[in-house]
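Please look over the sequence and the fold shown here before reading the report.

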Amino acid sequence: MNKVAVYPGSFDPITYGHLDIIKRGLTIFDEIIVAVARNSQKNSLFTTEERVGLIEDVVKEEGRVTVDTFSGLLIDYVSSCGAHVIIRGLRAISDFEYEFQIAQMNSTIGQQIETLFMMTSLQYGYLSSSIVKEVCSLNGDIDKFVPPEIKKALRQKYGLSEIR
Ligand code: COA
């Protein structure tokens, strides 16, 4: 039986930090579904469709990753995929409390679902989509944080030339 995990998030936009979790997740699971939240509380820079398109672009070489969207409760979505595992990346200690709360809630209301936390690699421990957006909007160098396709899309959003 295929081991399938769901990797949910807002991915506004996807960064090397997320891609690192996906790559390492594929050493544990046969298939990963990257699930973009439609009803995130956050004000997104990219539309859901744009975020999906960007993720598809950067994972296209990896046949075991699919990209989807979900709305409503994450555990309902995970069950509808026939999956039992949610992958979340943990960065600094500050992530822990929030993630712990969500994982507890998810395991209480969705009893068959496990959350697997993966420690974010050291070089991405300080990264977040918001900080990348801020640096890019101020014409900073984001080459170390996002793939070229994402950099291009970000610079376009901020009305900057394609190349810095
Ligand atoms: N490397 C670098 N950055 C990372 C990272 C990693 N490995 N993992 C997460 N991040 C960053 C993201 O870029 C994001 O940055 P931002 O806040 O600047 O945008 C931040 O960490 C956290 O974002 P994300 O992982 O996308 O989570 P989220 O909090 O935006 O979304 C959901 C969480 C969508 C999974 C959650 O809200 C959810 O399940 N919603 C559905 C409704 C539901 O079921 N609610 C009940 C839950 S109890």
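This is a predicted model: local features need pLDDT of at least 70, side-chain atom pairs count only at pLDDT 80 or more; totals for chains, interfaces and linings use all residues.

## Basis and strand pairing

Strand β4, which spans residues 85–90, pairs with strand β5, residues 114–119, in the parallel sense over six bridges. Within this pairing, V85 has E114 of β5 as its bridge partner.

## Nonpolar cores

The largest nonpolar core contains 33 residues, and I14, I22, I55 and I87 are those with the most contacts inside it. At least two residues of this core come from each of β1 (4–9), α1 (16–25), β2 (31–37), α2 (48–59), β3 (65–70), β4, α5 (129–137) and α6 (148–157). Helix α2 gives the most, with five residues.

I22 touches Y7, I14, I32, V34 and V65, when residues up to four places away in sequence are not counted. There is also a second, separate core of 13 residues, which includes Y77, V78, A83 and I113.

## A buried lysine

K133 lies in helix α5. With residues up to four places away in sequence left out, K133 touches D12, P13, L45, L154 and Y158.

Why is K133 classed as buried? K133 has a relative accessible area of 13%, and it is therefore counted as buried because the cut-off for that class is under 20%.

How values were computed
Residues are numbered from 1 along each chain as its sequence is written. Side-chain values use heavy atoms; hydrogens and water are left out. Two strands pair if DSSP finds at least two bridges between them. Helices (H or I, at least four residues) and strands (E, at least two) are DSSP runs, numbered from the N terminus. A nonpolar core is a set of buried Ala, Val, Leu, Ile, Met, Phe, Trp, Tyr and Cys residues joined through side-chain atoms within 4.5 Å. Buried means under 20% relative accessible area, exposed over 50%, partly exposed in between (1.4 Å probe, protein chains only). Contact means heavy atoms within 4.5 Å.
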